[in-house]
Amino acid sequence: MDTSDFEPSKLGTKTHWNSVYEKEVANFEETGDEGEIWFGEDSVERMVDWTLENVPTDTDPRILEIGSGNGTLLFALHEAGYAASSLAGFDYSPDAVKLARMVARSRESEEIAFYVCDFLSETPPPPSGKTDSLSAWDALLDKGTYDAIALGDKDKDGRSPVAAYPVRASRLVKDDGYFLITSCNFTEEELKTSFVNSETNFQFHSRVKHPSISFGGKTGSVYTTVAFQKVTA
């Protein structure tokens, strides 16, 4: 499915996500509940396992998550051995960032950086020790954010806001660095079509297997996780 084929949905609006995270902040303050794990714990574990294999902790990598929400994936990476000061995430919802910082304090992981940033119009802050965020990150991660952006309002020419995403992602990744994405709306081939081109300099690297399901005589997975590597231009 082409990104322009999706009809706009509230899941693609900042208003919706502000409302979601406002409630999750209140729940955390009242009960300590860290909030929903989008795509489930299994998807988080598979992304962490891939990262450990391909971006080892002993290389001191800088890792950035696009649309980090409550920070679940970054906390899992820290627990797996990545230095907190080398991990960062951003979200366009201020309450998502507020929640992630609160959870970080409760987990004694405050060195993980969380920022408010609108990915389609702003550049996130650079990693610790760097002066520029462009071509600065060893690994860029996305778990559901690309999907949500694809549900945003189209422009007057019928283009989805997500059309700008691949090039903006590529600009942040170092040469030979990686972009790892998990999606529930796009197949592997559709992600390849969007991300592998001369503008991004991404090439397909690998896939992460998810459990298969069968429905209507067809077999597939609920989620797709694909890794791309940025090659030297």
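The legends below describe close-up views of a predicted model.

**View 1. The largest pocket and the residues around its centre.** In this predicted model, the largest pocket holds about 660 Å³ of space. Its lining is made up of 37 residues, and those that lie nearest the centre of the pocket are Trp17, Gly144, Thr145, Ala148 and Ile149.

**View 2. The elements that line the largest pocket.** Two or more lining residues are given by each of helix H1 (14–31), strand E1 (63–66), helix H3 (72–79), strand E2 (87–91) and helix H5 (145–149). Helix H5 supplies the largest share of this lining, namely four residues. When the lining of the largest pocket is sorted by class, 18 residues are nonpolar, twelve are polar and seven are charged.

**View 3. The second largest pocket.** About 260 Å³ of space lies in this pocket, and 14 residues line it, with Ile37, Val44, Thr72, Ala76 and Arg107 lying nearest its centre. Helix H2 (40–54) and helix H3 each contribute at least two residues to the lining of the second largest pocket, and H3 is also among the elements that give two or more residues to the lining of the largest pocket. By class, the lining of the second largest pocket has six nonpolar, three polar and five charged residues.

**View 4. Two cysteines, Cys117 and Cys184.** Cys117 counts as buried because its relative accessible area is 3%, which falls under the 20% cut-off. Cys184, with a relative accessible area of 36%, is partly exposed. A search of the whole structure for disulfides finds zero.

Key
Residues numbered from 1 in each chain as written. Predicted model: local features only at pLDDT ≥ 70, side-chain atom pairs only at ≥ 80, totals over all residues. Heavy atoms only, no water. Disulfide = S-S within 2.5 Å. Buried < 20%, exposed > 50% of the residue type's maximum accessible area, 1.4 Å probe, protein only. 1 Å grid on protein atoms, 1.4 Å probe; cavity = no way out; pocket = protein on both sides within 12 Å on 5 of 7 lines; lining within 4 Å. Points joined across faces, edges and corners; volume = space filled by probe spheres on them. Nonpolar A, V, L, I, M, F, W, Y, C, P; charged D, E, K, R; others polar.
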